[in-house]
Amino acid sequence: MNLFANLFTSSIGRKFLMALTGFVLTGFAFGHLVGNLQIFGEPDHINGYAHFLQSLGPVLWLVRLALLAAAGIHIWAAVVLTLESKCARGSADYGVHRWLEAAWASRYMRMSGLVVLAFIVYHLLHFTVGLVGTEYYKGSLAAVTLGHDVREFGFPLAAKGTEVHDVYSMIFIGFSHPLVAGFYILATGLLAVHLLHGMESLFQTLGLRNAKWSCCLRKAVAALCLLYFLGNLAIPGAIATGLLKPAPGTTAATVLAAKAAAR
Ligand code: HEM
């Protein structure tokens, strides 16, 4: 049997696949957050950035397929490993305390994983496909023209005068609904705790965790997950509470003013 097949057929191989795909998905989650935090800047910036990603065409589709494959393998490995550990439970020689801890962690990982999965489906329908929560911005998003060149670290993302998707207004209008904002905060909070246990397991699986520095590792991972949660909390939280207001003259400013007047 070759090494590749072994990854899928052995328990340790599946654990490794889970760690590897978890690493890829975590990288995406952090990168996506950094991109989304541009909502605190001027509208052209996040709109130009989103336009640049969309303009990658086949490269964007390759990344999307890789992410989809990573998510599929991650979920498949989780299901198989859970079933295996259920079968093996009778013969495990864990102490009662360690067994309870492990059982709680794996139950928590399953539940939070399911909520995060439901969140991602909702999120894609909300912001990528535009099938849910679009009553205020449907049809008004395609016609924004960039007022100036958009650059990131000197790299040109989009030129002045380009017609772009108004991601800026879409996010503002989406999170002006407190229930939607609340669901995002809940889901990203669960995702942060999922990452907390997941990242620690990743180091364990790769043999990179030892007694000497497992305490520092735990603190570093916890700090990273807290930062991740705070970043995700900031966007829907600031918009839903009105702490962050849309820039004057944007579709979001007009739509939110009309909504406030209608109340
Ligand atoms: C405050 C939180 C978030 C905001 C504001 C946000 C914003 C967005 C926006 C605007 C898009 C559509 C981009 C476009 O069509 O141009 C998008 C796509 C996406 N988001 Fe998020 N997102 C958030 C949280 C998350 C989280 C926590 C995840 C999962 C870890 C996630 C996963 C995705 C995925 C998989 C896509 C599709 C990417 C693609 O179409 O290539 N998002 N997000």
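Analyst: Happy to. To sort residues by type, Ala, Val, Leu, Ile, Met, Phe, Trp, Tyr, Cys and Pro count as nonpolar, Asp, Glu, Lys and Arg as charged, and the others, Gly among them, as polar. By that sorting, the shell around the ligand holds 11 nonpolar, eight polar and one charged residue. Please keep in mind that this is a predicted model, in which local features need pLDDT of at least 70 and side-chain atom pairs count only at pLDDT 80 or more, while totals for chains, interfaces and linings use all residues. Residues are numbered from 1 along each chain as its sequence is written.

Now to helix 6, which spans residues 167–175. Helices (H or I, at least four residues) and strands (E, at least two) are DSSP runs, numbered from the N terminus. Nine of the nine residues of helix 6 are buried; a residue is buried if 20 or more other C-beta atoms lie within 10 Å of its own, exposed if 12 or fewer, and partly exposed in between, with C-beta atoms placed from the backbone. Among these buried residues are Tyr 168, Ile 171 and Phe 172.

Those three names return in the largest nonpolar core, which has 33 residues: Tyr 168, Ile 171, Phe 172, Ala 192 and Leu 195 are those with the most contacts inside it. Such a core is a set of buried Ala, Val, Leu, Ile, Met, Phe, Trp, Tyr and Cys residues joined through C-beta atoms within 7 Å. Helix 3, strand 3, helix 6, helix 7, helix 8 and helix 9 each supply at least two residues of this core, and the largest share, nine residues, comes from helix 7.

Helices 2, 3, 5, 6, 7 and 8 each supply at least two residues of the shell, with the largest share, five residues, coming from helix 5. In total, 20 residues surround the ligand, and the closest are Ala 29, Asn 36, Ala 50, Phe 127 and Ile 235; a residue is near a molecule or strand if its C-beta atom, placed from the backbone, lies within 6 Å of it.

For contrast, look at Phe 203 in helix 7. Phe 203 counts as partly exposed because 17 C-beta neighbours lie inside 10 Å.
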